[in-house]
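Thanks for coming. I will go through one structure today, and I will take it piece by piece.

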Amino acid sequence: DYAAADVVNILNAASSIDFHHEALIGTLVRTLSQEPLISEVQPGSLALALHAVARLRWSADEGALSSLADGAIKCMEDMEPVGVTQLLNACAQHAHLASHSGLV
């Protein structure tokens, strides 16, 4: 089993090399968006995960994306400037995140 930080690192690595394996990315995003991982993920890591999802242009599960976006909203006050910048960049790149009223 992977911890939340592991899932975020895999998503970030995949997005860094533009690795598009729909089943893997979908599984990682859905897993991160549900308990227990959504409660474990740190604010900066959640911003990094959303940034990675935006770079991958992944949008196969709007429920999972909404769950991650809601998590980011809840912990936004605890994000460092780098995390806020990554989150803003993710919203600029991804239509679903940009349409999420709490993020922008």
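Let me begin with His51, which touches Gln86, Asn89, Ala90 and Gln93, leaving aside residues up to four places away in sequence. This is a predicted model, so please keep that in mind throughout. His51 lies in helix H4. Is His51 buried or exposed? With a relative accessible area of 12%, His51 is buried, because buried means under 20%. From His51 to Phe19 there are 32 residues in sequence, and the two C-alpha atoms are 14 Å apart in space.

Helix H4 also holds Ala47. Its relative accessible area is 0%, so Ala47 is buried. Which residues does Ala47 touch, again not counting residues up to four places away in sequence? They are Met79, Gly83, Gln86 and Leu87. Gln86 is therefore on the list for Ala47 and on the list for His51, with contact meaning heavy atoms within 4.5 Å. Asn89, which His51 touches, is 42 residues along the chain from Ala47, and the C-alpha atoms of Ala47 and Asn89 are separated by 9.7 Å.

Next, the helix packing. Helix H4 covers residues 43–56 and packs with H1 at an angle of about 35°, the axes being 8 Å apart. The crossing of these two helices, H1 and H4, is left-handed. On the H1 side the contact is made by Val8, Leu11, Asn12, Ala14, Ser15 and Ser16. On the H4 side the residues are Ser45, Leu48, Ala49, Ala52, Arg55 and Leu56.

H1 has another partner to describe. Helix H1, residues 4–16, packs with H2 at an angle of about 145°, and here the axes are 10 Å apart. The crossing of H1 and H2 is left-handed. Which residues of H1 meet H2? They are Ala4, Val7, Val8, Ile10, Leu11 and Ala14, and in H2 they meet Ile25, Leu28, Val29 and Leu32. If you want residues to look at in both places, Val8 is in the contact with H2 and in the contact with H4.

Ser16 is found in helix H1 and is among the residues in contact with H4. Even so, at 53% relative accessibility Ser16 counts as exposed. The C-alpha atoms of Ser16 and Pro36 are separated by 26 Å, and the two residues are 20 apart along the chain.

Now the surface. Ile17, Phe19 and Leu24 make a nonpolar patch of about 280 Å². Of these, Leu24 is found in helix H2, which runs over residues 22–32. Leu24 counts as partly exposed because its relative accessibility is 34%.

On to charges. Side chains of opposite charge can pair when their charged atoms come close. How many salt bridges does a search of the whole structure find? The search finds one. Asp61 forms this salt bridge with Arg30, and the closest N and O atoms are 2.9 Å apart. Asp61 lies in the loop between H4 and helix H5, residues 62–74, while Arg30 is in helix H2, so the pair ties together parts that are 31 residues apart in sequence. Asp61 is partly exposed, with a relative accessible area of 21%. Arg30 is partly exposed as well, with a value of 32%.

Last, some backbone details. Most residues other than glycine have a negative phi, and most peptide bonds are trans. Where is the cis peptide bond? It joins Glu35 and Pro36, with omega at about 5°. Pro36 has its place in the loop between H2 and helix H3, residues 37–40.

As for phi, Asp18 has a positive value near 55° and is not a glycine. Asp18 lies in the loop between H1 and H2. Arg57 is not a glycine either, and its phi is positive, at about 55°. The place of Arg57 is the loop between H4 and H5. Is Arg57 buried or exposed? At 54% relative accessibility, Arg57 counts as exposed, because exposed means over 50%.

That is what I had for today. I will take questions now.

Definitions and conventions. Residues numbered from 1 in each chain as written. Predicted model: local features only at pLDDT ≥ 70, side-chain atom pairs only at ≥ 80, totals over all residues. Heavy atoms only, no water. Patch = residues over 30% accessible without salt bridge, like charges linked within 9 Å, V, L, I, M, F, W, Y side chains within 5 Å. Areas by Shrake-Rupley, 256 points an atom, 1.4 Å probe, with all protein chains shown as cover. Salt bridge = Lys/Arg side-chain N within 4 Å of Asp/Glu carboxyl O. Helix = DSSP H or I, 4+ residues; strand = E, 2+ residues; numbered from the N terminus. Buried < 20%, exposed > 50% of the residue type's maximum accessible area, 1.4 Å probe, protein only. Axes fitted to C-alpha atoms, helices over the stretch in contact; angles between N-to-C directions. Left-handed = near helix turned anticlockwise from the far one by under 90°.
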